Amino acid sequence: MRTTPRHLVAALALTPLLAGCFAAGEEGSGASGGSGAAGRLRIALAVPPAQALSPYSNDATVLSKLSVAEGLTALDEEGAAAPALADSWTRKNDTTWVFELRKATFQDGTEVTAESVVNALDHANEAETKPRVLSDVTLAAKADDADTVTITTKTADPVLPLRLASPALGILSEKAYAADGTVSPVGTGTGPFAITRLTGKTKATLSRYDGYWGGKAKAPGIDVTWIADGTARANALRGGDVDIAEWIPTAQAKLLDENTRHEVPSVRTDSLILNTGSGIFTDAGLRAAAREAVDGGVLVDSVFGGYADPAQGLFGPAVSWATDRRTEVTGRAEAATAAQVKTETKGKTLRLATYTNRAELPEAATVLQQQLEKAGFTVKQDVREYTQMEADLLAGKYDALVFSRVTLLDTGDAVAYLASDYTGDGVYNIAGLKDTKVDRAIKSAAEEGDTAERQQRIMRAEAEILRTDAVVPLVHEKVVQGIADDVEGVLLDPRERSLVDVDTHLK
């Protein structure tokens, strides 16, 4: 059991440099050179809000990074489910779980009750675009009494406590949910920091929530700026304009002082996603030709400056169990020759997309364009900021996408990622993949409760997905976070779900 969120990710915290103690008299003072007003943390994030920080979008991770919202559960440093708003839970049978709530309040002063939990989960279930974490499960929540919630699933879900740790299933107060289906986390979360103001896609202001059940945060507040350009984020840190800058481009990393540059092993994999639903890559032979043409290994040094590993599959070395359980990929289509590619794509252009929020991706796209053109494709790039292209990606308006994905983001369990991205009805199925063998393999993994066997089935599902050539893994990233040397307690999280909590502060 934990008493504060810090215990969930203690192994990930910066030590000894950024995890020291400070005297009680320094709390919130901004002493030792901190330039934030009255000790406020200044943070530069990379991806501007797509949907006003709605938990049902990719914005959900911002709410967990900034410790704004919490779910019934959280993930500990081993990736196991740990208590959060639920103090404990019991599995009654294959489809029924009972959660006992701790005493907590929302940032608007109302109490966290079983009814408020049911309300939040019902809204997630009924959202027009379901959160990715619910792609492969149907759940129903019921309040047994003020502090007890029973959750049932349509089919067995052995990892439901992991699923409930998703940032997308953060529990917000009743006033967060509008009649038109929009959801606002402004002042409605339960974490140690409350959003008090959101200024479009550029800035957010957070204040310490002194009623937090896990204790009073050491920082009085946070000022967030979204800076999509990676070089500009690095410059903001170097110039003293921010205290924390996430996702420092690898080209900029070595320009940072050694004390402010922090490399984090990541479960992030960069891949080339091929649109199997429409366009030229409905042809399996052309997909195979693209896969054979692409060499992600050359990107490791040329684009990522050594801050990456060549791709082993969908899951890289930061997923410790994947390598030993990896399954051989068989049954792939025969690749079209360069001459066949030119003939079959005559008069057609391969629309290759990527986004600017991660500085390495446009560079990688240029390298891949050259490789694909050598294989006979005619390629045209479309490079924009992610929020400007997400709708088009999901609508299948591109042939290929250079994409960076945190594979264990949604639940800490790989099945949710596979289900949302690669099943026929997956809500984040950019590849448009509809393959019955893939669906069966992912369903088989989802039904398995034994950890070792579940992991083995996940790797079988990985092999089935790779067989289709809907995705070509390129590299497994190492994330570089920029942190000023007068900041303590920043969380270095391989899953990229945590960044600051109650112990993060200026010296």
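## Cavities

On a 1 Å grid over the protein atoms alone, a cavity is a set of points where a 1.4 Å probe fits but cannot get out, and lining residues have an atom within 4 Å of a point. Grid points are joined across faces, edges and corners, and a volume is the space filled by probe spheres set on the points. The structure is a predicted model, in which local features need pLDDT of at least 70 and side-chain atom pairs count only at pLDDT 80 or more, while totals for chains, interfaces and linings use all residues. Residues are numbered from 1 along each chain as its sequence is written, and side-chain values use heavy atoms, with hydrogens and water left out.

The whole structure holds 6 cavities of 30 Å³ or more. By class, the lining of the second largest cavity has 8 nonpolar, 2 polar and 5 charged residues. Here Ala, Val, Leu, Ile, Met, Phe, Trp, Tyr, Cys and Pro count as nonpolar, Asp, Glu, Lys and Arg as charged, and the others, Gly among them, as polar.

## Second largest pocket

A pocket is an open set of grid points with protein on both sides within 12 Å along at least five of seven lines. The second largest pocket has a volume of about 630 Å³. Of the 26 residues that line the second largest pocket, Glu78, Gly79, Trp321, Gly412 and Arg495 lie nearest its centre. Strand S12 (261–274) and helix H14 (451–467) are the elements that give two or more residues to this lining, and H14 gives the most, with 4 residues. The lining of the second largest pocket divides into 15 nonpolar, 6 polar and 5 charged residues.

## Nonpolar cores

A nonpolar core is a set of buried Ala, Val, Leu, Ile, Met, Phe, Trp, Tyr and Cys residues joined through side-chain atoms within 4.5 Å. Buried means under 20% relative accessible area, exposed over 50%, and partly exposed in between (1.4 Å probe, protein chains only). The largest core has 81 residues, and Leu66, Leu72, Ile151 and Leu206 have the most contacts inside it. Helix H2 (residues 114–126) contributes the largest share of this core, 6 residues. A second, separate core of 71 residues includes Leu274, Leu314, Val379 and Leu393.

Leaving aside neighbours within four places in sequence, isoleucine 151 is in contact (heavy atoms within 4.5 Å) with residues including Leu72, Trp97, Phe99, Leu121, Leu139 and Leu164.

Alanine 114 is in helix H2 and counts as buried, at 1% relative accessibility. Its C-alpha atom is separated by 5.1 Å from that of alanine 143, 29 residues apart along the chain. Beyond its neighbours within four places in sequence, alanine 114 is in contact with Leu101, Ala143, Asp145, Ala146, Asp147, Thr148 and Val149.

Asparagine 429 lies in the loop between helix H12 (414–422) and helix H13 (436–447). Asparagine 429 is also buried, at 10% relative accessibility. With neighbours within four places in sequence left aside, asparagine 429 is in contact with Ser420, Asp421, Tyr422, Thr423 and Gly424.

## Salt bridges

A salt bridge is a side-chain nitrogen of Lys or Arg within 4 Å of a carboxyl oxygen of Asp or Glu. The whole structure has 29 salt bridges. One of them pairs aspartate 147 with lysine 103 (3.4 Å, N to O). Aspartate 147 lies in the loop between strand S6 (139–145) and strand S7 (148–153), and lysine 103 in the loop between strand S5 (96–101) and H2, so the pair ties together parts that are 44 residues apart in sequence. Aspartate 147 is partly exposed at 26% relative accessibility, whereas lysine 103 is exposed at 68%.

Lysine 443 and glutamate 447 form a salt bridge with their closest N and O atoms 2.5 Å apart. These two residues are 4 residues apart in helix H13, which means that about one helical turn separates them. Lysine 443 is exposed, with a relative accessible area of 52%, and glutamate 447 is partly exposed, with 44%. Elsewhere, salt bridges that share partners join Arg291, Glu292, Arg332 and Asp469 into one network. Arginine 384 and aspartate 392 also meet in a salt bridge (3.5 Å, N to O); arginine 384 is partly exposed, at 24% relative accessible area.
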